[in-house]
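These are comments on the model shown below. They cover domains, sheets, a chain interface and a ligand site, point by point.

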Amino acid sequence: MLEFINGDVACAEGAIAAGCRFFGGYPITPSTEIAERMALRLPQVGGAFMQMEDELASIMCVLGASWAGKKAMTATSGPGFSLMQESIGLAAMTETPCVIVDVQRAGPSTGLPTLVAQGDVMQSRFGSHGDYRTIVLAPANAQEMYDLTIRAFNLSERFRTPVIVLSDEVCGHITSGVDLREKVDIENRKKPGSSECLPFKADEDLIPPMAVAGEGYRFHVTGLTHNEKGYPVTSAEVQQALVTRLVDKVEKRKGEIVDAEFFMLDDADMCVIAYGSEAGSAKKAVKMAREKGIKAGLLRPKVLWPLGNFEDYVKDMKKVLVVELNSGQFYSDAKCWNRNTKLLGGYGGELHRPDDILKVMEVF
Amino acid sequence: MSMKSWQNQRGFLFLKEERCKGCGFCIDLCPKKVLRQSEVMNAKGYHPPELYDVEGCIMCDICTEICPDFAIYRYRSKERGKNA
Amino acid sequence: MVPQEHPLEQLLRSDRMPHIWCPGCGLGTDLGCYLRALSGMDLDKVAFVSGIGCSGRAAGYVAVDSFHVTHGRGIPFAIGLKVANPELTVTVWGGDGDIFAIGGNHFIHAARRNIELNVICINNAIYGMTGGQVAPSTPLRAKTTTTPYGNYEHPFNFSYMAAASGATYVARWTTAHTKELTKSMREALEWKGFSFIEVISMCPTTFGRRNGFADGLEMLKDMKARSEVKNFPDLEDTDIGEKIVVGKFVEKEKRSYLEEVKQWR
Ligand SMILES: Cc1ncc(C[n+]2csc(CCOP(=O)(O)OP(=O)(O)O)c2C)c(N)n1
Ligand code: SF4
Ligand code: SF4
Ligand code: SF4
C-alpha cells in the first residue's frame, strides 16, 4: 500500500507494523510528528501512548514497558537524546530491548531546531558512560524510515539491546510515497523455559532468554555489575565477563547486522561514503561525476554501528571521500580503510549540494 | 548459620545470630524487658541478644517487627488459644 | 514441627542476606513492614522498582520481580511497567534524594496523573549512600558533609507536596510505627490510584552521628517521642519540626489514570 507521508510518520507506521505497543516521548522538533502519529495510532491497535514530563522519563517508561513484555519506542532529537543517555546505558547493561529514534537537528545545544545535521553520530555510538555497544541504523529517506524502524525492533528483540534509528531533519520531514508493506518479518525475544533459569545466563548465541514481569520468575534486574543470576557483584572478574559479553554479542555477530548500499562501485576508483539524507546528494554527485568521466561510486552504510568491515570495498580505491554533516564523526573510522581518504564535512543547517560535492571530487 | 531458640508454653523465640548487627532495638523495645545483650560475638563482631527470662517472654512480636536484620522472630504455639 | 525460618523468609532473597545496611539503620525495619504488607498478595503480579541509594538497595532483597534502575528514575520506569501490564501491582521505593531531588519532577507528574503506583519514600533526611550530603529534607541547621556550617536551605514537606500534586492516598509514619506503617502499606498496595507513603527513618551513620545522636536506637526513640498521630490533619501544619505529625493524611476518590484512559478511548 503506497502512502504519501513524511519520514516521521513512516517511522511511526513502521513501529506499529513491527509490533510496537508502547510509546513514551516528549515533543521536540523535528521528531514530534512521530509522537503525534503514535498518539493517534497506538490506541487503535491496543497499545499505549504516553507523553511524559521529559526525555529522562520517556526513555525510562520505555524500558519499563519492555520489561512488562511490550515492544516499546521513544523518539527525540539531539537535546532529548542527550538527556536519555544515562538510561540508554541502563538498557545496554540490563539488556532491555527498545528502540530510540533520534531525528537529528543542528547542534550543539539548541542549535538550529528546524534544520538538518548529523552531529549525533558519535553520541549514538558511545553517548552513555562505560563500555557497551549499541546498534545504530541510518535511514536515508521516508521509505527507509519505515523499513529500518521495523528492522530496529527486530534487532533489538534478537540482540536484547537498545537500537537507535539515527535519522535527520530532512529524512524525517520530506514527504514521499512509502510502501507500507503488506507483509513484514517480525522477530520476538527468546523466552526462558523453566522458572529455575538464571535470568542473565546467555545461550551460545551470547543472548540470555528474557523473562518479563508478572510471569512468576521473580527475577532481579540491576544496572550494577551482576552475575548470571542478576545479582549485583562487586568484582573485576564479573565485570570482565559481563561487559565482554555485552560487547561481543554485537561485535561478534555483526555479520547479521551490518548492511549497506553499494552503488556503481564495481569499476570505481573513487569511493564516496555517505549515509542518511546526505547520501541523496552524494548519489547525485556520483552520477554527475560519471557523466564527466570520473569513475566514482557510492558506499552508503545503512548501519553505522557496529562498524561494518567495509575495508575490502574501499582499500583498493584510489580515492575515498567521506561526505557527512559533522566534523568527521564517521570519517574518523573510515579513514583507516584507505590512506587516501578525505572528508567533506559540515555543521548542518542544509545538506551538501551535489554540485559542491562534485567540485571536491573533481579536484581530489 | 547458627540458630538459637528458646521455648515456653506460649511459643518459640528464634535468633539467627549471624544476621544480628547488635543495634539493640529488640532489647530496648521489648515490653517485658526479657532480652539482654549476650557475651557471644558473631562473625561480624556484634553481640546478639539473648532471652534471659524465658518464661517472661509473652511472644508479642515487637522484637520481630522492629528488628532491621530479620534476625530475631517468634512463633506462637498453635495450641494456644484453641485449648485455653 | 516448629517452623525454623523467619516468617518473611519467603519474601526475601535469603541468599542475599545479611543486607548491606548499617547497624541501627531504619531501612531493614521499613522493608520488613512492607513485606508484611505484601503477605497474602499474588506475588507473581507484584513488581518492585527502586532507584539508587541505600534505600534503592531494597529492590535486591525483595523476592518478587524487582528492578534497580537509575538514580531518580524509578517512577517513570514503574509507569512503563504498569501501563504496559495493568495486572501488575507496582511499588516504587526510594530515598528522599532519589524521589524528591533528582526524581522530583517525575514524582509530581505521576501524582498529577493519579497513576496506579505505590510510592514509598524513605525519608532519612540525608544522602546516605554517598556519605551524608544535604538532602531536600535535611532540617535547617543540620550538619552534613556539604553543609559543614549547618544547613541553610528550607526542607520540603513531601507528604504535603504529594497531596498538592494530586496523590489520592497519602500517609506518613516513622520506622517506630511498625504496625501502623504495615497497615498503611497494605492500603497503599491495594489503592486504585497514586498512593504515597512517607517513612521518617533513621540513618545513624551519616546523619545521626553528625547531629548529636549516639546510634540508631536513640534516633528511633527520638522520632517516636516527637511523633503525634493525627489523621487527615491540615497539611499546612505537617512540616517536620519539633513535632512529627504522622497518620493517614489523604484518602480521596478520583478516577485513576488507567480509568481515565478507558473513559476516553
Ligand atoms: C545521576 C546520578 N547522580 C548521582 C549519583 C550518586 N548518588 C547515589 S545515591 C545518591 C543519593 C542517595 O540519597 P537518597 O536518595 O536520599 O537515599 P539514601 O542513600 O539516603 O537511602 C547519590 C547522589 C548517582 N548514582 N547517579
Ligand atoms: S516476643 Fe515480645 S516479650 Fe518476647 S522477647 Fe520479643 S519483644 Fe520481648
Ligand atoms: S533488633 Fe535484630 S539486629 Fe538489632 S540487636 Fe536485636 S536481633 Fe540484633
Ligand atoms: S548509610 Fe545510613 S541509610 Fe545507608 S545503610 Fe547506613 S545507616 Fe542506612
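1. Chain A is assigned domain 1 (2-179) and domain 2 (262-363), with bounds that come from an automatic or database domain assignment. The C-alpha centres of these two domains of chain A are 26 Å apart. Their contact (heavy atoms within 4.5 Å) takes 26 residues from domain 1 of chain A and 23 residues from domain 2 of chain A.

2. On conventions, this is a predicted model, in which local features need pLDDT of at least 70 and side-chain atom pairs count only at pLDDT 80 or more, while totals for chains, interfaces and linings use all residues. Residues are numbered from 1 along each chain as its sequence is written, chains are lettered from A and ligands numbered from 1 in the order in which they are written, and side-chain values use heavy atoms, with hydrogens and water left out.

3. Between them, domain 1 and domain 2 of chain A bury about 1,800 Å², 56% of it on carbon and sulfur atoms. Buried area is the accessible area (1.4 Å probe) that two parts lose on being put together, summed over both. Of the area that domain 1 of chain A buries against domain 2 of chain A, 31% is supplied by A:Gln118, A:Val121 and A:Arg125, more than any other three residues.

4. Chain A has an open sheet of 7 strands, in the order β3-β2-β4-β5-β7-β6-β13, with mixed pairing. Strands are DSSP runs (E, at least two residues), numbered from the N terminus, and two of them pair if DSSP finds at least two bridges between them. At the edges stand β3 (48-51) and β13 (303-305) of chain A, each with a single partner strand, so one side of each has no neighbour in the sheet. Strand β6 (residues 135-137) of chain A is joined to β13(A) by 2 bridges, antiparallel; A:Val136 has A:Trp305 as its bridge partner in β13(A).

5. In chain B, 3 strands form an open antiparallel sheet in the order β1-β2-β5. β1(B) pairs with strand β2 (residues 11-16) of chain B over 6 bridges, and B:Trp6 has B:Leu13 as its bridge partner in β2(B).

6. Chain B and chain C bury about 2,400 Å² between them, 61% of it on carbon and sulfur atoms. B:Phe25, B:Glu65 and B:Phe70 supply 30% of the area that chain B buries against chain C, more than any other three residues.

7. Which residues surround ligand 4? Among them are C:Trp21, C:Cys22, C:Cys25, C:Cys54 and C:Cys203, each with a heavy atom within 4 Å of the ligand.

Notes:
Helix = DSSP H or I, 4+ residues; strand = E, 2+ residues; numbered from the N terminus.
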